[in-house]
Amino acid sequence: MPEAKLKIFERPKSFTDVVTHYCPGCTHGIIHRLIAETIDEYGIRGKTVGVAPVGCSVLIYNYFRTDFLEAPHGRAPALATGIKRVSPELIVFTYQGDGDLASIGMGEIVHAANRGEKITVVFVNNAIYGMTGGQMAPTTMPGQVTTTSPMGRDVSQAGYPIRMSELLSTLRTPAYIERVSVHNPHNVIRAKKAIKKAFKNQMEGKRFTFVEVLSTCPTNWGLTPDEAQNWLEDNMIAFYPLGVFKDTYYDNDEEGQK
Amino acid sequence: MAKILMKGNEAIGEAAVRAGGLHYFAYPITPQSEVGEYLVKRLPEVGGVFVQAESEVAVGNMLFGAAASGKRVFTTSSSPGISLMQEAISYIAGAHLPAVFINIVRGGPGLGGILPAQSDYFQATKGGGHGDYRLLVLAPSTVQEAVDLVMLAFDLAHKYLNPVMVLGDGMIGQMMEAVEFPESIKETDDPMTMDWPATGCEGRDPRIIKSLYLDPQALEKNSFALADKYKKMKEEEVRYELYKVKDDCQVLLISYGTMARICQTVIDEMEEEGVSVGLLRPITLFPFPENEIREQAWKENIRAVLSVEMSTGQMVEDVDKAVQGRKPVEFYGRTGGIVPSPEEVKDYILKILGKK
Ligand SMILES: Cc1ncc(C[n+]2csc(CCOP(=O)(O)OP(=O)(O)O)c2C)c(N)n1
Ligand code: SF4
């Protein structure tokens, strides 16, 4: 009875039928998938607009069957602000790396968050500049070797890594901020929940939602995919603790603004 | 509609609203902050959007995002702010999107001053940001013309899917003049009827709005597609005005914006003194009325062409190119917020004619 076959795994409808350009073992692809599944599950493909960053994931627009804008480096939150303000019926999300969001785009992300733009930001923190070949990012770990910190990140020169979720959660306006990871199945499931919750918040008209996802860059970390997942767990999570930093369901902040 | 007395900056804001430009993003800067102060009250009355951004870098990029909606979007700023928008302007041009940028120019470089100048001519007409692109640039010389050109700017931005700049100066922004507007707010096209905006892909294929082309063939194709639009602008959009250009004119003045008004005074006064001078006033700075200038300059009676500017000499390079060495091209300019007086321009003309 071939009809009775149970489909347990398929490509999200919101994905195009294209092979991604990501390196083997890179977790950008997993994060893409979680977003695509979220869009499918909420049935919002037809009204979703993504904003692509500059970074390894600049070509994200080739992988999604939704409208997409491609932003200048760091400016995705400004583009998202622009289109969401003039077309509030859309669901708008940005997808940004750590160089894009926490370095060149620091101004745009902080102010979009503080204005409470009704957008969802998926922030991919892989502690390095992937696309340009492994330079130091603002999120690079102390002592981490990169092409521009060949002796390891020297905190006396470069300071300590920036914790974006903590930084943004000092702002009163944002609705929801959570940090998750995708280095193992258990965490992938939690990451999916966070992304779904962020989109749900936006669909309900809540203000700014932000999910930071710890991600691997085996290529520029100089590790195998397995080693990269272990390195993330052993080194990043202690500095970048996982969890919810802000949630209006708990602190009812929207009430507080009245 | 009856004429009303209005300050330039406020008239510019109202003109945008009447043109259906209901989506405004800006950051305060002298001498144009009144536009935002006007619009923050006006736009809510008509269901518009007003966002005060954190910087002009963000303004430009908010316009980029907003322009992708297919709706009419704009900003106003002044020189240092416009410099910060160049990144977004380049991307908006590369992505073939319509947006209106209004520059109420002040003196530069750097922080410069806050008084009127025309020192952003190069930036406006030659690209400004990186890459092979142009803006269509409109230069009003009265408040009424600022109103008319701001409204035209939206139509042209949507016609060409290209950013359009209105290049005013602090004088236009601050001056009070009687102006007239169309009765009602223009009904703009529904983005759902257009084949390019990001409206959500319900019932159609997804659209990607981008300027990235990693394949050189594709990037070249996009650059030539832009070039074709600029060629079409040169064929269809050149605008200029002649003032007292007569068969006995000895000197042809080329001047735009506020400076052109002063040149008209010069011409009137010299006419009374028996010296015939004419003015060709470019209204579009890009496309530049190159052929029209050449045609006038080459006339037998013209002894010299004089570019008069509130800069140290920018438009004069285009005038020079238009005249192709057939006649002497002279330049007179003051800058830094100093507006040349009719007397100094007159003196310079007399000097050219060997009468002083
Ligand atoms: C204005 C500008 N400056 C620099 C660059 C070069 N650049 C491209 S991607 C990138 C860093 C991206 O790193 P990240 O955001 O961490 O993303 P990843 O590639 O690691 O996913 C840089 C510096 C650029 N494209 N534009
Ligand atoms: S360079 Fe790093 S971030 Fe970029 S695709 Fe490869 S592994 Fe992923």
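A polar contact is a pair of N or O atoms within 3.5 Å; within protein, one must be able to donate a hydrogen and the other to accept it, and residues adjacent in sequence count only if both atoms are side-chain atoms. The model is predicted, and local features need pLDDT of at least 70, side-chain atom pairs pLDDT 80 or more, while totals for chains, interfaces and linings use all residues. Residues are numbered from 1 along each chain as written, chains are lettered from A and ligands numbered from 1 in the order written, and side-chain values use heavy atoms, without hydrogens and water.

**View 1. Polar contacts of ligand 1 with chain A**.
An oxygen atom of ligand 1 lies 2.8 Å from a polar backbone atom of Cys56(A). For the side chain of Asp98(A), an N or O atom is 2.3 Å from a ligand 1 oxygen. Gly130(A) places a backbone N or O atom 2.8 Å from an oxygen of ligand 1. The protein buries 76% of the 590 Å² that ligand 1 exposes when taken alone (accessible areas by the Shrake-Rupley method with a 1.4 Å probe; for residues, only the protein chains shown count as cover).

**View 2. The residues around ligand 2**.
Among the residues that surround ligand 2 are Tyr22(A), His28(A), Asn126(A) and Cys217(A) (a heavy atom within 4 Å). Three shell residues, the largest share, come from helix α8 (residues 218–221) of chain A (helices are DSSP runs of H or I, at least four residues, numbered from the N terminus).

Methods
Helices (H or I, at least four residues) and strands (E, at least two) are DSSP runs, numbered from the N terminus.
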